Amino acid sequence: MARWIGGKMAQSVDQAQILGLQALTFIASDEALLSVFLAASGASGGDLAQGARSPVFLAAVLDFLLLEDATVIAFCDTQNLPYDALIRARLALPGSGADDHFDF
């Protein structure tokens, strides 16, 4: 199910997972970036295939790319995507807090 976020339609979970897989491929194609991702996530190279099937892992992949503007720009430029595509995908995946409700 898609949601409106900041005046734009958020991506569906399926679309977000596909973008997460593209992001994982992008990371894996850059040896230096992959090394940093593995160190930051605690994952091993063998964990990547299993993680690719997990929406939570794919959310972590997007979180990693979102840490640096330069990686967002590089990824989006290679995929011909608008620069807000990663954040919209991230909001559709588990752990984003987009569906959290707070009662004050």
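This is a predicted model: local features need pLDDT of at least 70, side-chain atom pairs count only at pLDDT 80 or more; totals for chains, interfaces and linings use all residues.
Visitor: Is the pair of Phe-26 and Phe-75 stacked or edge-to-face?
Guide: A pair of aromatic rings is described by the distance of the centres and the angle of the planes. For Phe-26 and Phe-75 the centres are 5.4 Å apart and the planes stand at 75 degrees. Planes over 60 degrees apart count as edge-to-face. The pair of Phe-26 and Phe-75 is therefore edge-to-face.

Visitor: Which helices does the pair of Phe-26 and Phe-75 link?
Guide: The two residues are 49 positions apart, so the pair joins distant parts of the chain. Phe-26 is buried at a relative accessible area of 16%, and Phe-75 is buried at 0%. Phe-26 belongs to helix α1 and Phe-75 to helix α5.

Visitor: What is the angle between the ring planes of Phe-37 and Phe-64?
Guide: Both Phe-37 and Phe-64 are buried. Phe-37 lies in helix α2 and Phe-64 in helix α4, so their pair ties together parts 27 residues apart in sequence. The ring centres are 5.2 Å apart and the pair is edge-to-face, with the planes at 70 degrees.

Visitor: How are the axes of α1 and α2 arranged relative to each other, parallel or perpendicular?
Guide: Two packed helices are described by the angle between their axes and the distance between the axes. The axes of α1 and α2 come within 6 Å and cross at roughly 115 degrees. Angles of 65 to 115 degrees count as roughly perpendicular. The helices α1 and α2 are therefore roughly perpendicular.

Visitor: Which residues of α2 make the contact with α1?
Guide: From α1, the contact is made by Phe-26, Ile-27 and Ala-28. The residues of this contact divide into six nonpolar, no polar and no charged. On the α2 side, the residues are Leu-33, Leu-34 and Phe-37.

Visitor: What distance does helix α4 reach from its first C-alpha to its last?
Guide: Helix α4 covers residues 55-66, twelve residues in total. At 1.5 Å a residue, a span of 16 Å is expected, and the helix comes close to that value. From first C-alpha to last, α4 reaches 16 Å.

Visitor: Which helices are included in what covers the buried residues of α4?
Guide: The buried residues of α4 are Phe-57, Leu-58, Ala-59, Val-61, Leu-62, Phe-64 and Leu-65. An α-helix has 3.6 residues a turn, so residues three or four places apart point the same way. The cover over the buried residues of α4 includes α1, α2, α3, α5 and α6.

Visitor: Which residues does Leu-48 touch, not counting residues up to four places away in sequence?
Guide: Leu-48 is found in helix α3 and is buried, with a relative accessible area of 13%. Its C-alpha lies 9.0 Å from that of Ala-28, a residue 20 positions away in sequence. With those sequence neighbours set aside, Leu-48 touches Leu-24, Leu-34, Phe-37, Leu-38 and Phe-57.

Visitor: Is Cys-76 buried or exposed?
Guide: Cys-76 is found in helix α5. Leaving aside neighbours within four places in sequence, Cys-76 is in contact with Leu-81, Pro-82, Tyr-83 and Leu-86. Its C-alpha is 9.3 Å from that of Ala-23, 53 residues apart along the chain. Because its relative accessibility is 1%, Cys-76 counts as buried.

Visitor: Where does Asn-80 lie?
Guide: Most residues other than glycine have a negative phi. Phi of Asn-80 is near 55 degrees, a positive value in a residue other than glycine. At 72% relative accessibility, Asn-80 counts as exposed. Asn-80 lies in the loop between α5 and α6.

Visitor: What pattern does the protein follow along the sequence?
Guide: The protein has six helices and two strands. Residues 24 or more positions apart account for 62% of the contacts with a separation of 6 or more. Read along the sequence, the pattern is β-β-α-α-α-α-α-α.

Terms used. Residues are numbered from 1 along each chain as its sequence is written. Side-chain values use heavy atoms; hydrogens and water are left out. Helices (H or I, at least four residues) and strands (E, at least two) are DSSP runs, numbered from the N terminus. The expected span of a helix is 1.5 Å times one less than its number of residues. Buried means under 20% relative accessible area, exposed over 50%, partly exposed in between (1.4 Å probe, protein chains only). Contact means heavy atoms within 4.5 Å. Axes are lines fitted to C-alpha atoms, for helices over the stretch in contact, and angles run from 0 to 180 degrees between N-to-C directions. Angles under 35 degrees count as roughly parallel, over 145 as roughly antiparallel, 65 to 115 as roughly perpendicular and the rest as oblique. Ala, Val, Leu, Ile, Met, Phe, Trp, Tyr, Cys and Pro count as nonpolar, Asp, Glu, Lys and Arg as charged, and the others, Gly among them, as polar. Rings of Phe, Tyr and Trp (its six-membered ring) pair if their centres lie within 6.5 Å; planes under 30 degrees apart count as stacked, over 60 as edge-to-face and the rest as tilted.
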